[in-house]
Amino acid sequence: MKNNIFPKDFLWGGAIAACQSEGSWNINKGLSVADLAIKYDKTVSRYERKLVTQKKLDNLLKETDTKKFPKRFGIDFYNYFEQDIKMCADMGFKVFRLSIAWTRIFPNGDEMHPNEHGLNFYDKVINSIVQNGMQPLVTINHFDMPVNLVTKYGGWKNRKLIDFYLKFAEVIFNRYHKQVKYWISFNEINGARFNVFYSTGLVKDSSDNHLQDCYQAAHHQFIATALARKKIHEYRNDAMMGCMVAKFTTYPATCKPEDVIEAQENERLDNFYFIDPLIRGKYPSYAKRFWKENNINLNILKGDLQLLEQNPCDYLAFSYYMSSISAANKENLEETEGNLKSTFKNPHLKASEWGWQIDPIGLRYTLNQLYDRYQTPLFIVENGIGAEDDFVNGKIEDDYRIEYLKTHIEQIKEAILDGVELLGYTTWSSIDIISSGTSEMRKRYGFIYVDLNDSGKGTLGRYPKKSYYWYKDLILNNGDNN
Ligand code: BGP
């Protein structure tokens with residue numbers, strides 16, 4: 001028995017995002033990029049799902065059948081939040097991760113004054129989290145920027161976006177800094193590489209050099225993060241501003257040196273390129289070569305690099321779902337799905353129904369890798385398994401979810417024993433919500449089942465799953481009974 005491994009104040013909890021849960025997409029709210037995400041099933045290629053061209057955007061904007069856009073309705077967290085937050089508190093959550101919809105506060109992103117209706121909603125949500133004894137962990141922007149900032153300003157490649165974002169951030173800092181200590185500037189900031197439209201609002205054919213735009217957008221998000229970090233520290237000294245990446249852990253497919261180099265290159269470009277500026281305060285040395293070879297000419301203003309250097313994030317947050325393998329020659333590799341991008345099959349791993357490869361040991365490896373490299377506190381802000389749950393006689397026996405979380409938590413323990421400083425663990429997700437990647441409802445991650453199907457039908461009733469009681473017991477014992 002390994003006892004007392006998790007620190008006493010370890011932040012156990014779960015996560016959701018505004019655009020996948022709230023619904024009420026047009027109640028005192030502007031249109032967000034997430035409101036344009038159509039439901040797809042597994043048969044539609046990732047490339048097709050993600051690709052947003054000008055023509056596609058025009059068609060999406062003209063579409064009048066709102067039912068095609070499940071994220072507009074979510075799970076009606078907008079009206080159910082008190083019940084949902086209470087159920088999470090009853091599970092013993094110490095922290096509740098949520099995001100604030102930019103389009104509720106600034107419906108078009110470029111207004112002079114914030115929308116008081118939107119703020120009133122989050123006043124109630126954040127009060128409810130705090131009154132229920134949990135710390136709110138707030139993601140400022142989770143894949144839901146205002147569409148107006150796309151159509152009028154061209155998205156994050158435009159430096160003006162930094163000002164709009166900061167205005168939004170300052171409004172919520174001013175309003176919630178007393179209740180909120182933990183912040184994340186952007187959900188999965190490496191989305192600029194993998195989830196371009198929803199992360200940065202860039203339309204694929206809007207310029208001659210799309211890749212240049214993606215990396216310019218990422219640069220602007222780095223600057224926005226540094227400025228937001230600086231600002232929140234003016235409100236409270238002990239604030240914790242984190243940056244977050246989708247961590248893509250990959251192993252060389254063989255011990256062939258070419259495969260090892262390929263794996264190193266993937267880790268660098270998928271992850272470290274995005275973390276280094278925000279934690280180390282500077283771009284990695286290989287960035288120059290990458291820019292040159294890809295015809296990327298970043299517009300970095302005087303003072304930008306100094307700003308990054310002076311405002312490193314206070315912790316590193318990341319999502320971890322699966323791992324992949326890398327090889328110089330991909331001919332013999334078999335492709336499978338993964339978070340934000342497809343991966344290659346590792347013969348030693350099983351996968352979820354959606355093809356995401358389950359690798360608990362990879363989480364220990366990742367925690368050690370990140371801590372060795374950055375020596376800054378880490379926070380796992382997403383980890384979980386998407387599955388189709390069977391709802392039978394009001395019960396959901398989700399043993400596969402318990403197994404997934406249990407084996408990952410076991411490896412987190414090992415990493416803590418290895419010396420990794422970990423602030424907390426918020427599973428994805430606390431409650432079933434609409435899938436980010438496919439907008440399906442049947443891909444469920446929560447401890448709480450929501451009676452809603454892919455056609456938008458259901459009572460919206462909330463039911464604790466078997467995993468709800470398991471997680472409750474785990475938190476009660478601070479992870480020691482796992
Ligand atoms: C991450 C996102 C979440 C999310 C999760 C699971 O990329 O931050 O918003 O939903 O992945 O992905 P999916 O819903 O596509 O299964």
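Trainee: Hi! How many salt bridges does a search of the whole structure find?

Mentor: Hello! The search turns up 35 salt bridges. Keep in mind that we are looking at a predicted model.

Trainee: Let's take Lys157. Which residue does Lys157 form a salt bridge with?

Mentor: Its partner is Asp213, and the closest N and O atoms are 3.9 Å apart. Lys157 sits in the loop between helix H7 (148-151) and helix H8 (160-176), while Asp213 belongs to helix H11 (residues 210-235), so this pair ties together parts that are 56 residues apart in sequence.

Trainee: And Asp213, is that buried or exposed?

Mentor: Asp213 counts as buried, because its relative accessibility is 9% and the cut-off for buried is under 20%. Lys157 is partly exposed, with a relative accessible area of 26%.

Trainee: Okay, next one. What does the side chain of Arg193 meet in a salt bridge?

Mentor: That would be the side chain of Asp270, at 3.0 Å from N to O. Arg193 is in helix H9 (residues 191-194) and Asp270 in helix H12 (residues 257-279), so the bridge ties together parts 77 residues apart in sequence.

Trainee: How accessible are those two, Arg193 and Asp270?

Mentor: Arg193 is partly exposed, at 27% relative accessible area. Asp270 is buried, at 3% relative accessibility.

Trainee: Nice. Now networks: which residues do salt bridges that share partners join into one network?

Mentor: Asp389, Asp398, Arg401, Asp432, Arg444 and Lys465 are joined that way.

Trainee: Switching topic: where is Asp276 found?

Mentor: Asp276 is in helix H12, and it is buried, with a relative accessible area of 1%.

Trainee: What does the side chain of Asp276 make a polar contact with?

Mentor: With the side chain of Tyr374, at 2.4 Å.

Trainee: Leaving aside neighbours within four places in sequence, which residues is Asp276 in contact with?

Mentor: Gly281, Lys282, Pro284, Arg373 and Tyr374.

Technical notes. Residues numbered from 1 in each chain as written. Predicted model: local features only at pLDDT ≥ 70, side-chain atom pairs only at ≥ 80, totals over all residues. Heavy atoms only, no water. Salt bridge = Lys/Arg side-chain N within 4 Å of Asp/Glu carboxyl O. Helix = DSSP H or I, 4+ residues; strand = E, 2+ residues; numbered from the N terminus. Buried < 20%, exposed > 50% of the residue type's maximum accessible area, 1.4 Å probe, protein only. Polar contact = N/O pair within 3.5 Å; in protein donor to acceptor, adjacent residues only side chain to side chain. Contact = heavy atoms within 4.5 Å.
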